[in-house]
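Let's take a walk through a protein structure together. Have the sequence and the 3D view ready, and follow along one stop at a time.

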Amino acid sequence: MTRFRVEGKGRVEHAEPVNFTFDGRTYTGLRGDTVASALLANGVHLIGRSFKYHRPRGTVTAGSEEPNALISTSRGKGRYEPNTRATVQELREGLVAESQNRWPSLNFDIGAVNDKAYMLFSAGFYYKTFMWPKSFWNKVYEPIIRAAAGLGVSPGEEDPDRYSSRYLHTDILVIGAGPAGIAAAKSAAQSGARVTLVDENREIGGALLSDPRVKIDDIGAWDWLSAQLVELEELGVRLMMHTTAIGYYHQNMVGLCEKLTDHLDELPEGAPRERLWRVRAGQVVLAQGALEKPLVFDGNDRPGVMLAGSAQTYLNRYGVRVGDEAVVVTSHDSAWYGAFDLADAGTEITAIVDTRDTPRADLAREAERRGIRLFAGHTVTGTAGRLRVKSVRVNPVRDGRVGAAVTVRCDCLLMCGGWTPSLHLFSHTKGSLKWDESQNAYLPDHRSEACHIAGAGRGLWSFEAALNDGDVAGRAAAEAAGFEISDHARFAVAQDRPGTGVTHKELPTDRDAGKARAFIDFQNDVTAKDIRLAVREGMRSIEHVKRYTTNGMATDQGKMSNINGLMIAADALGEAPPRVGLTTFRPPYTPTTFGAFAGYHRGATFELTRRTTIDSWAEEHGAVFEPVAQWRRAWYFPKVGESMDAAVLRECTATRNSVGIFDASTLGKIEVAGPDAAEFMNRMYTNPWTKLAPGRTRYGLLLGEDGFIRDDGVIGRITDDLFHVTTTTGGAARVLNMMEDYLQTEWPDLTVWLTSMTEHWAVVALNGPNARKVLEPLVEGLDISHDAFPHMSVADCKVSGLPARLFRLSFTGELGFEINVPARHGPTLWKALMEAGAAHDICPYGTEAMHVLRAEKGYIIVGQDTDGTVTPEDAGLNWAIGKKKPDFVGKRSLARPDLVMPGRKQLVGLITENGAKLEEGAQIVLDPNQPKPMKMVGHVTSSYRSAALGHPIAMALIEGGRDLMGDIVHVPLPGVTHRARITDTNFYDPEGARLQV
Amino acid sequence: MTTQKHNDTDRSAVMIRIEELVPQARFSLRVRSERARVLSESLGLALPVRIGSVERKGEVEALCLGPDEWCVLAPDKRRDALIEASRAAYAKIPHAFCDVSDREVVLRLSGPEALTALTTGIARDIESMEVGSAARTAFDTATVILWRDDENSFRMDVWRSFLPHVRALLDLAQAEFAAGL
């Protein structure tokens, strides 16, 4: 039994101890503990050092709003996480926890020197101090500041965990499983709606878990909760615990992060650590409750100073007394109840300090009955103690004047500055808020999404009010979702704990307020004086005050600090709080792992990768792959020990000398079918199609409306009304979309249909002088001799017994065929051709050899030799334009003055004088001796070694390039400037004799 | 509060079964909607008119994917006859009848967790899909057609090159069922 554990109390398993370590020391907690509650049970309040001043800090809250108790946790290699909130992390066997932001140790921290110099580190300090000399910022000031400040250390190893994601549709999503949320889920589910109830805690109940004495409909709170659990299940409510609603997006899309394994002793094999849910909800009920505010006074951050409601939670839910001698300081009734519970559990309540002059009579009587000393109309002006609070200064306030202090001994100070309705998710929706004078709080006003707010989230206080409000909200949501609703349930609550309070700026003090370390934002170390300084220095809007002081900008997003900051800024400005405004909360509600956002998209499933049917053959035969659009394609096929350059040269040589085989399946394929197919083709492509005979093919060029080249490919006419269009690999989807767009919006009168056939066909290209010899014996039903099946033909036939669509075309300058077979037969065809080609030393080649072979012929690759600013004329492709056609996409633009202007960049060939290979992307100048910056006249688009030519070749876009044939240009590269001669792009077999065999 | 069971490795096989189906003949049929009825008679098909609905006539299944688009599935042995019927009808009723039998691979997902497995990649509300209906949708950016054949039995037509990615994701989902999470 640990020192501060109360036997038999709380919802922890007293018979199930759980061991863990904190800063290397072993502690024992209980099943159901959080790290924070287990440490508190062992009397440990000091848990970390603060961000800027390195002040000792302890646990302040019992929930996800915790600003101080940030620890690192780990469970074996790679499973290390910084900045885990100790108040949220459930205890598991063997958990390793470490404190952060301290050196050399938590008890003695060198960085605490910052605290001594605190007068220096006020708001805007960095901006003012480290401006000069300017050059020092990047190299000196910023690195030092970054090293000194900060929280946990980033993980350095790859995360071995898996993360999951799912979509969920629900009629009604209830966020928060406290009394309001439970009531809402029940009444909504009774209507027959699909209801999902989520909560970040391990069990339902919310505030009821901290208030077991409450009786609902004559049943004790915790028995009532057990009954609700059964009822919710019977009603088919999907209950999701350990699940935080992190963001509320458009049209009722809510992001949930479910923690699956962080609380488990053992990790199940293959289990994901977290799961991100994308929920589309018909209606949303926000029942997020309210968050307790601290009071702002000197020394309110000392370990042992914590929120009164949280102390009550530690006692009732975890069976942990947070100390032996407590002083309570409050401006709200709620803290009194916690004080009574603690007193009844054996903690001496030395004093209750209430800032109000006349606390509620019934509460005062209860305090008196327990012998608790009462300071009404008092303030707290300081605390003492190095690593733990030892005493507190208490002063009377009369007519605004602070009287003499008395010092009250304590080992914990429980504060309550009232409660802030939690409207973070509502704020994500851009729903508007309204300032409520009586509560000094923002309450939900205009809603922009289909949502309902229930309970303490809209300022209601007391369990009865929250339950009945939840019931109403659940019904309203069900009705709005189109379900039939029944009568209201009326909840009656006995021993309820209603209450009211007042809101303060920083508490009055008899000391110099300018020297008070009265913290507002504990995580970013922002004090009341910082806010006032910001206002003095001219900040008027709360948005500016926030950014100048960093108030509310830590990972807790100011859950504890925003309203206190606002009250002080408003006071300093002499304005009403709503006129000063409120900063907007952003998703995620609590810090969320990158893993949860990435989900399945890591490793092999990082991104969708498309594979052809021949991909596995290539893999088995040692191919090196490269990504091309979404595909992975065989890049080259190195033999053992062969370099890429050697492999590519070998593949090119084999193809030019005998025959090469290439997987061309990734090319986009579109069937254009219908009576108006030819007319459609005439309008889309630059080329004329009317006279193309069935059985013949033509190179097609596609422009955008701007006249620039978008795509190209060989297009076959299968019948009068059917075209087989091929596109580039990367352009397939884009081209189909563009065609559909024109068809549906511009030419709905055309009777023509487009069907994507890319995936239906596997395509194998055979190229080389021996291509026909390899193919011919396998072909049935077609004469593929040069005369019967000339270059640029297409026909359906059988190849190796498979139904095939055979093209004769060439992207290499050699005799070439492309054989299309139904995709399932791709590997069969490939193997048959490899076998048939064995006698001719058939050589598989990859995309790199394909690029070289086409460059030797000057065939362009759209996207490599063009960049979206290249016209057909620029690329030397004017021959592909149907001059007599009345129109085609891009035709009018081709006559624009800037597109016909002389001096446009034109595609030309380049051959270096010294035989060096140029770098793709290299800039080109006419005079290498001109002063810098030099006039760049173009750049290299393609550059390769060429086995066939015996020297490297390049293609380049050069201003007026075709008028400079034979001229020398200069290509400056690091350390050397190459001289290169401008040539035609058709380097190899310019007459095209090799195609006609 | 949450019940968590694990270490039951056979569990996933019971929870969900994923199998690749034997290919059938598949056609993409496009025709102007006002002529669909006449064409369906010529082809001997029943063409539904509501998008997402499926009609069966004999062994042939037709799914309406758009106002002028249908997916037609037939046993392999009917392929040539259907193509012939389309050719014969074309002059009178222009249409496109593309043989896309090899474009997609069909997965059958069945078992109590089949629907959940699909929600790892599909954003639409699968639970609300009527039994006997189908829809074109996306599974983690891969275009698919999802058929709900029964409460817990689905077919998913996946473009062939996307299949390795889709299978890899479904394997990850299956591992979660095996882990009991």
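This is a predicted model: local features need pLDDT of at least 70, side-chain atom pairs count only at pLDDT 80 or more; totals for chains, interfaces and linings use all residues.

A:E157 has a partner: its side chain meets that of A:K77 in a salt bridge, with 2.7 Å from N to O. A:K77 sits in the loop between β5 and β6 (80-85) of chain A, and A:E157 in the loop between α4 (136-148) and β8 (162-175), so the pair ties together parts that are 80 residues apart in sequence. A:K77 itself is exposed, because its relative accessible area is 67%.

Strand β5 (residues 70-74) of chain A also contains A:S74. With a relative accessibility of 19%, A:S74 counts as buried, because buried means under 20%. If we set aside residues up to four places away in sequence, A:S74 touches A:R79, A:Y80, A:R92, A:L95 and A:V96.

Now zoom out to the whole of chain A. Its 997 residues include 61% that count as buried, and its secondary structure comes to 24 helices and 52 strands. Along the principal axes, the C-alpha atoms fill a box of roughly 115 × 70 × 55 Å. Consider next the contacts in chain A with a separation of 6 or more: 67% of them are accounted for by residues 24 or more positions apart. The accessible surface of the chain is about 39,200 Å², and 52% of this belongs to carbon and sulfur atoms.

A:W103, A:F108 and A:I110 make a nonpolar surface patch of about 390 Å². A:W103 belongs to the loop between β7 (95-98) and α2 (113-116) of chain A, and it is exposed, because its relative accessible area is 61%. The other patch carries negative charge: A:E705, A:D741, A:E746 and A:D887 gather there on the surface. Look for A:E705 in the loop between β37 (697-703) and β38 (709-719) of chain A. Taking chain A as a whole, there are 112 positive and 123 negative side chains, and the centres of the two sets lie 4 Å apart.

In helix α8 (residues 334-344) of chain A, 9 of the 11 residues are buried, among them A:W336, A:Y337, A:F340 and A:D341. Just after α8(A) comes A:G346, which takes a positive phi of about 110°. A:D341 turns up again in a network of salt bridges that links A:D211, A:R213, A:D341, A:D344, A:E366, A:R369, A:R370 and A:R497.

What do they pack against?

How many salt bridges does a search of the whole structure find? Over all chains, it finds 87. One of them joins the side chains of A:D615 and A:R611, at 3.9 Å from N to O. A:D615 counts as buried because its relative accessibility is 7%, whereas A:R611, at 32%, counts as partly exposed.

Our last stop is chain B. There, the side chains of B:R160 and B:D102 meet in a salt bridge of 3.9 Å, N to O. This pair links distant parts of the chain, 58 residues apart: B:R160 is in the loop between β10 (153-159) and α5 (163-178), and B:D102 in the loop between β6 (96-99) and β7 (104-110). B:D102 is buried, with a relative accessible area of 1%.

Two other loops of chain B also meet. B:S33 lies between β2 (25-30) and α2 (36-43), and B:D68 between β4 (60-66) and β5 (69-74). B:D68 and B:S33 are 35 residues apart in sequence, yet their C-alpha atoms are 5.1 Å apart in space. Apart from neighbours within four places in sequence, the contacts of B:D68 include B:S33 and, in chain A, A:W753.

Notes. Residues are numbered from 1 along each chain as its sequence is written. Chains are lettered from A and ligands numbered from 1 in the order in which they are written. Side-chain values use heavy atoms; hydrogens and water are left out. Patches are made of residues with over 30% relative accessible area and no salt bridge: like charges are joined within 9 Å, nonpolar side chains (Val, Leu, Ile, Met, Phe, Trp, Tyr) within 5 Å. Accessible areas come from the Shrake-Rupley method with a 1.4 Å probe; for residues, only the protein chains shown count as cover. A salt bridge is a side-chain nitrogen of Lys or Arg within 4 Å of a carboxyl oxygen of Asp or Glu. Lys and Arg count as positive and Asp and Glu as negative; His and the chain ends are not counted. The place of a charge is taken as NZ of Lys, CZ of Arg, CG of Asp or CD of Glu. Helices (H or I, at least four residues) and strands (E, at least two) are DSSP runs, numbered from the N terminus. Buried means under 20% relative accessible area, exposed over 50%, partly exposed in between (1.4 Å probe, protein chains only). Contact means heavy atoms within 4.5 Å.
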